[in-house]
Amino acid sequence: MMNHVRSILWKQLKDTLKNTAILIQFIMFPCMTIIMENAVKIPNMQEHFFANLFAVMYIGMAPLTSMSAIISEEKESNTLRVLRMYNMKAHSYFLGNAIYIISICMGGSLIIGIAGGYQGIALVRFMVIMLIGHVISMFVGAAIGAGCKNQMMATSLSVPIMMLASFLPMLSTFNGTIEKISKTIYTEQLYLLMNKTADSIVWVETITVLIVNVCLIAGCFSIAYRHAFKED
C-alpha cells in the first residue's frame, strides 16, 4: 500500500510542476495575502482581515479544483483503468492524492497565517481550521472528479461550486440576505471560526452545519468513488 501511495505522490508532484493551472491554485492566495497585508493599511481594520479572507478563498478553491482536475483527467485518460490493472486499490489511490494536496495546501496556509500576523496558539488554531476546510473541500473535489465522465464536465461543475464556497463568505459581510444563505455552507462557518480564534468560542450552529456538510459530502463522495472504480 505504501509503495502505491508513494508512487501516486511522486506522479502528482511531477504533473503539478508541468501543469501551470493547478500550480497557480496553490500559490495565488498565499502571495496575495503577503501583498495585501503589507500594502494595505486601513484605520480600524479588523485584525487578520486579509489573511482570513484569502484563507477561506484558498479553502474553497485550491483543494477542490485540484482534486477534481486530477481525478477527472486520470479517469478520462484511462489512468484509473491502468492503475487497477496493477492492483492499485481505491483507498491507496485516494490517500496518495489526499496527502499530496493537503501537504501543499497546508504549506500555503502556513504562509497565509504568518503573513496575517498569527502567532503561537492563535496560529495553531488557524492551521487546524485550515486543515478541516482543506479536507472537506478535497472530498468535494474528489466527488466531482469521480462522478463526472470527463474533465470538461468536471470543470463545468466544479467552477460554480468553487465560486460559491470561495466568495460567499466575502459577500456575506456586505449583504444580510447572502449571509443567511452562506451560513449553511462550511466555508462561511470556518470563516466565522477564524474571526473567533482568540477566544476559543465554538458555536453549536457552526458544529451542526459542519457535521451536516461533512455527512452530505462524504455520502456523495462514497457513491461517486465506488462508481468510478467499478467502471475502471
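Modeller: Tyr 118 and Phe 126 are both buried.

Biologist: What makes a residue "buried" here?

Modeller: Buried means under 20% relative accessible area, over 50% is exposed, and anything in between is partly exposed (1.4 Å probe, protein chains only). By the way, this is a predicted model, so local features need pLDDT of at least 70 and side-chain atom pairs count only at pLDDT 80 or more, while totals for chains, interfaces and linings use all residues. Residues are numbered from 1 along each chain as its sequence is written, and side-chain values use heavy atoms, leaving out hydrogens and water.

Biologist: How many helices and strands does the chain have?

Modeller: There are 10 helices and 0 strands. A helix is a DSSP run of H or I with at least four residues, a strand is a run of E with at least two, and the numbering starts at the N terminus. Buried residues make up 46% of the chain's 232 residues.

Biologist: Why is α9 called largely enclosed?

Modeller: In α9, 9 of the 9 residues are buried, so the rest of the structure largely encloses this helix. Tyr 186, Leu 190 and Met 194 are among them.

Biologist: And what makes Val 128 partly exposed?

Modeller: Val 128 has a relative accessible area of 44%. Val 128 sits in helix α6, residues 120–147.

Biologist: What makes Val 124, Val 128 and Ile 132 a nonpolar patch?

Modeller: Patch residues have over 30% relative accessible area and no salt bridge; nonpolar side chains (Val, Leu, Ile, Met, Phe, Trp, Tyr) are joined within 5 Å, like charges within 9 Å. A salt bridge puts a side-chain nitrogen of Lys or Arg within 4 Å of a carboxyl oxygen of Asp or Glu. Together the three expose about 240 Å², an area from the Shrake-Rupley method with a 1.4 Å probe, where only the protein chains shown count as cover for residues.

Biologist: What counts as a nonpolar core, then?

Modeller: That's a set of buried Ala, Val, Leu, Ile, Met, Phe, Trp, Tyr and Cys residues joined through side-chain atoms within 4.5 Å. The largest has 57 residues, and Tyr 58, Phe 94, Phe 126, Met 130 and Tyr 186 touch the most other members. Helix α3 gives the largest share of this core, 16 residues.

Biologist: Which residues is Met 130 in contact with, beyond its neighbours within four places in sequence?

Modeller: They include Ala 55, Tyr 58, Met 106 and Met 194; contact means heavy atoms within 4.5 Å.

Biologist: What makes two rings an aromatic pair?

Modeller: Rings of Phe, Tyr and Trp (its six-membered ring) pair if their centres lie within 6.5 Å; planes under 30 degrees apart are stacked, over 60 edge-to-face, and the rest tilted. That rule gives 7 aromatic pairs.

Biologist: Why is the pair of Phe 29 and Tyr 58 called edge-to-face?

Modeller: Their ring centres are 6.4 Å apart and their planes meet at 65 degrees, so the pair is edge-to-face. Phe 29 is in helix α2 and Tyr 58 in helix α3, 29 residues apart, so this pair links distant parts of the chain. Both Phe 29 and Tyr 58 are buried.

Biologist: How do you know which kind of pair Tyr 118 and Phe 126 form?

Modeller: Their centres are 4.6 Å apart, with 20 degrees between the planes, and that pair is stacked.
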